[in-house]
Amino acid sequence: VGGFEVGVKLEASRNAADAATLENKAELQVQHDVFKLGSFKTAAQVGLGRDFTAVGSDFNYYQVSVKPKYELSDKLALEGSYRFRNAFGDGHEFLTHTTKVGFAYALNKQYEIGVRYGRKNGGDEQGHFVEAGVAYNF
């Protein structure tokens with residue numbers, strides 16, 4: 001509505017570090033289109049989330065993202081993003097900077113699949129990753 005999108009992100013992850021634990025995250029996100037020129041557009045996103053760890057040291061965090069996108073066709077898009085994220089309110093150090101680039105493909109009006117390569121820097125999360133996902137739009 002009016003260029004705004006509201007979403008919920010659910011994530012489960014484990015990194016390759018020694019003694020890595022499974023982490024689950026739940027995040028409420030609000031995104032707004034800020035620039036559009038032909039097939040190119042950029043959106044800004046903010047989010048509030050909770051990190052649930054296997055060792056019981058759960059904490060809250062916030063994130064701010066910029067998300068450029070270039071539509072290659074009506075179904076296929078080249079996407080990128082930069083995200084700043086940190087914990088708040090409980091002394092956890094969760095400061096990370098994450099960049100991603102990849103493709104998204106709209107299967108229909110409700111479903112989109114995507115594959116991205118990323119780099120995460122900061123805190124205890126440093127490295128390269130590949131992610132795949134499915135988005136469902138209401």
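How many bridges join E7 to strand E8, residues 127-136? The answer is 10, and the two strands run antiparallel. Strands here are DSSP runs of at least two residues, numbered from the N terminus, and two strands pair if DSSP finds at least two bridges between them.

Before I go on, the basis. This is a predicted model, in which local features need pLDDT of at least 70 and side-chain atom pairs count only at pLDDT 80 or more, while totals for chains, interfaces and linings use all residues. Residues are numbered from 1 along each chain as its sequence is written, and side-chain values use heavy atoms, with hydrogens and water left out.

Now the sheet. Eight strands form an open sheet in the order E1-E2-E3-E4-E5-E6-E7-E8, with antiparallel pairing. Strand E1 (4-13) and E8 are its edges, each pairing on one side only. Direction ignored, neighbouring strands are turned by 25 degrees against each other on average; the axes are lines fitted to C-alpha atoms.

Gly102 is bridged to Arg116 in E7. Lys120, in turn, has Gly127 in E8 as its partner.

Next, the surface. A nonpolar patch has about 1,100 Å² of accessible area together, and among its members are Val34, Phe35, Leu37, Val101, Phe103, Val115 and Tyr117. Patch residues have over 30% relative accessible area and no salt bridge, and nonpolar side chains are joined within 5 Å. A salt bridge means a side-chain nitrogen of Lys or Arg within 4 Å of a carboxyl oxygen of Asp or Glu. Areas come from the Shrake-Rupley method with a 1.4 Å probe. Strands E2 (23-37), E6 (96-106) and E7 (111-121) each supply at least two residues, and E2 gives the most, with three.

Val101 lies in E6 and counts as partly exposed because its relative accessibility is 44%. Lys69, in strand E4 (residues 59-71), counts as buried because its value is 19%. The cut-offs are under 20% for buried and over 50% for exposed, with partly exposed in between. Leaving aside residues up to four places away in sequence, Lys69 touches Ser39, Phe40, Lys41, Ala77, Leu78, Glu79 and Glu112, where contact means heavy atoms within 4.5 Å.

How values were computed:
Patches are made of residues with over 30% relative accessible area and no salt bridge: like charges are joined within 9 Å, nonpolar side chains (Val, Leu, Ile, Met, Phe, Trp, Tyr) within 5 Å. Helices (H or I, at least four residues) and strands (E, at least two) are DSSP runs, numbered from the N terminus. Buried means under 20% relative accessible area, exposed over 50%, partly exposed in between (1.4 Å probe, protein chains only). Axes are lines fitted to C-alpha atoms, for helices over the stretch in contact, and angles run from 0 to 180 degrees between N-to-C directions.
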